[in-house]
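Okay, thanks for coming, everyone. I'd like to walk you through one chain today, starting from a single side of it and then stepping back.

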Amino acid sequence: MPSAIFVVRATVPDPAKREAFDRWYRDVHLPDAIKSFGVRKAWRVWSLIDPAVHQAMYQFDDVAAMERAVGDDEMKRLIVDFERDWPDVPRTRESFTLAQIVDE
């Protein structure tokens, strides 16, 4: 089965809070999410078009593993923690299945 990718898109509207958000995500939230999800790989990016937009991506071995991870109590805890620490940062979540990889 192809791998699956779970994406969380956050918008940090206040430029003065972006550095603190980046530090928190890097040092606290991403390591916690990696451990909680049991993912193969995770990475984060900031948009070059809109500097308020941050995305975190979590790669799972397959869709079933992703669905189990994002549907359990650990996901609920991660959401509560995020909302406690960053209540003014809206987020969306989306799930993908890998369609193709091209290596040169």
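Let's start with Asp-22, which sits in helix H1. Keep in mind throughout that this is a predicted model. What does Asp-22 touch, once we leave out residues up to four places away in sequence? Two residues: Arg-44 and Trp-46. Val-45 is 23 residues away from Asp-22 along the chain, and the C-alpha atoms of Asp-22 and Val-45 are separated by 10.0 Å.

So, over to Trp-46, which belongs to strand S2, residues 41-46. Is Trp-46 buried, exposed or partly exposed? Its relative accessibility is 28%, so we call Trp-46 partly exposed; the cut-off for buried is under 20%. Leaving out sequence neighbours up to four places away, Trp-46 has contacts with Val-12, Arg-18, Phe-21 and Asp-22, and also with Pro-51, Ala-52, Val-53 and His-54.

Next up is Ala-56, in strand S3. This one has a relative accessible area of 0%, so Ala-56 is buried. Again skipping residues up to four places away, Ala-56 touches Phe-6, Val-7, Val-8, Tyr-25, Trp-43 and Arg-44. Trp-43 and Ala-56 are 13 residues apart in sequence, and their C-alpha atoms are 5.8 Å apart in space.

Phe-6 came up there, and it has quite a list of its own. Beyond residues up to four places away, Phe-6 touches, among others, Phe-37, Ala-56, Tyr-58, Phe-60, Met-66, Val-70 and Met-75. Arg-93, Glu-94 and Ser-95 are on the list for Phe-6 too.

That takes us to the largest nonpolar core, with 23 residues. Which residues have the most contacts inside it? Phe-6, Phe-21, Tyr-25, Phe-37, Tyr-58, Phe-60 and Phe-82. At least two residues of this core come from each of these: strand S1 (4-11), helix H1 (18-37), strand S3 (53-60), helix H2 (63-70) and helix H3 (73-85). H1 gives the most, six residues.

While we're on H1, have a look at His-29, which is in that helix. Its relative accessibility is 7%, so His-29 counts as buried. Apart from residues up to four places away, His-29 is in contact with Trp-24, Tyr-58, Leu-78 and Phe-82.

Okay, zooming out. The chain has three helices and four strands, and along the sequence they come in the order β-α-β-β-α-α-β. The radius of gyration is 14 Å, close to the 13 Å from the globule rule for 104 residues, so the chain is as compact as a globular protein of that length. Along the principal axes, the C-alpha atoms fill a box of roughly 40 × 35 × 20 Å.

Of the 104 residues, 35% are buried. Among contacts with a separation of 6 or more, 71% are between residues 24 or more positions apart.

The accessible surface is about 6,600 Å², and carbon and sulfur atoms account for 54% of that.

Note on methods
Residues are numbered from 1 along each chain as its sequence is written. This is a predicted model: local features need pLDDT of at least 70, side-chain atom pairs count only at pLDDT 80 or more; totals for chains, interfaces and linings use all residues. Side-chain values use heavy atoms; hydrogens and water are left out. A nonpolar core is a set of buried Ala, Val, Leu, Ile, Met, Phe, Trp, Tyr and Cys residues joined through side-chain atoms within 4.5 Å. Buried means under 20% relative accessible area, exposed over 50%, partly exposed in between (1.4 Å probe, protein chains only). Contact means heavy atoms within 4.5 Å. The radius of gyration is taken over C-alpha atoms; the globule rule is 2.2 Å times the number of residues to the power 0.38. Accessible areas come from the Shrake-Rupley method with a 1.4 Å probe; for residues, only the protein chains shown count as cover.
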